[in-house]
Amino acid sequence: MGLSSERLKDKVCVVTGAAKSIGFGIAKKYAEAGASVVLLDIVPEVRDSAKGLADAGYSARAYVIDITKRAAVLELFERIAAELGNIFCLVNNAGVVDQRPFLDNTEAEFEKMFRVNVYGTAWCIQGALPSMVKGGEGKIINFSSKSGKTGSSLMAPYSSAKGAIIALTQALAYEYAGNKININCICPGITDATGVWGNVSRGYIENLKLPRDEVVKKFTAKVPLGRLTDIDDVVEYVFFLTVSGDYCTGQAINISGGREMH
Ligand SMILES: NC(=O)c1ccc[n+]([C@@H]2O[C@H](COP(=O)([O-])OP(=O)(O)OC[C@H]3O[C@@H](n4cnc5c(N)ncnc54)[C@H](O)[C@@H]3O)[C@@H](O)[C@H]2O)c1
């Protein structure tokens, strides 16, 4: 099927970490295409984000959920499917980052990176899959990172967790290909005006002892296309994988201006 947003009309699309930044951008794009959008986030502000979309005339609702709590996640997805119908699309955008020298990394830090980024993604997929299988179609888009392909210095737990998301994506792409469910992941480069880059840039300022503008210059210089990633760059690819890309599964797609090429 070609690139047609018509395909999303009234389809149930769930986006995690949708209170702000990339997640909200994706939810808004789906809403504008006529989908019935469900915004999930651990912070209550997600209700205001969904209300803004609903007030503009779109179909949007929000639930506050911690995606690391498996039982609560499975229960919520059952409720969403019962109230709205089969889930067509799940975007596992929620994620957390941390930055410090490896020898200072504690067990708690490693656990947090894996619990939110990997387990949270896995639980949401377990929640959404039964209704996708029932509906005979589905699109799952996970969030890895450039750091999941080529690990980032000072970010060993995050890089390891994002690498695990690529393997999880591939395993499930094989397992559910026969159910017409496409499972891919996105590997963004440094994305401007987001929470993750806010935390990472603060870490670099502290760990590399550089002022913010030098940090931005240093990392922009590594990008062949000469700028950091915009939220819209990521939103466009996620949208493509949702409304088209039917012959694409198990892929880890770089959205990094050429910073990552494999
Ligand atoms: N921003 C970047 O530079 C960049 C680069 C590569 C990959 N990524 C990935 O893209 C995704 C989005 O990044 P962002 O910068 O927009 O993030 P962000 O920090 O701006 O937003 C993430 C959202 O996830 C939510 N969240 C965190 N823990 C949660 C939990 N346990 N349960 C439910 N929600 C939770 C947060 O409340 C927040 O609203 C992440 O997976 C991130 O790792 C980001």
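First, the ground rules. It is a predicted model, so local features need pLDDT of at least 70, side-chain atom pairs count only at pLDDT 80 or more, and totals for chains, interfaces and linings use all residues. Residues are numbered from 1 along each chain as its sequence is written.

Start with the sheet. Seven strands form an open sheet, ordered β3-β2-β1-β4-β5-β6-β7, with parallel pairing. Helices (H or I, at least four residues) and strands (E, at least two) are DSSP runs, numbered from the N terminus. Two strands pair if DSSP finds at least two bridges between them. At the edges sit β3 (59-64) and β7 (252-255), each pairing on one side only. From one strand to the next, the twist averages 20°. Axes here are lines fitted to C-alpha atoms, for helices over the stretch in contact, and angles run from 0 to 180 degrees between N-to-C directions.

β4 (residues 87-92) and β5 (residues 138-143) pair in the parallel sense over four bridges. Leu90 stands opposite Ile140 in β5.

Helices pack on this sheet. α3 (residues 70-84) touches β1 (12-16), β2 (36-41), β3 and β4, and its direction makes about 155° with that of β1. Contact means that the C-beta atoms of two residues, placed from the backbone, lie within 7 Å. α6 (residues 156-176) touches β5, β6 (181-188) and β7, at about 165° to the direction of β6.

Next, helix on helix. The axes of α3 and α4 come within 8 Å and cross at roughly 30°. They are therefore roughly parallel to each other; the cut-off is under 35 degrees, with over 145 roughly antiparallel, 65 to 115 roughly perpendicular and the rest oblique. From α3, the contact includes Arg70, Val73 and Phe77; from α4, it includes Trp123 and Cys124.

The axes of α1 and α9 (residues 231-243) come within 9 Å and cross at roughly 50°. That pair is therefore oblique.

Last, the ligand. How many residues surround the ligand? There are 29, and the closest are Gly17, Ser21, Gly95, Thr194 and Gly195. A residue counts as near if its C-beta atom, placed from the backbone, lies within 6 Å. α1 (21-32), α4 (107-135) and α7 (195-207) each supply at least two residues of this shell. Ser21 also belongs to the α1 side of the meeting with α9.
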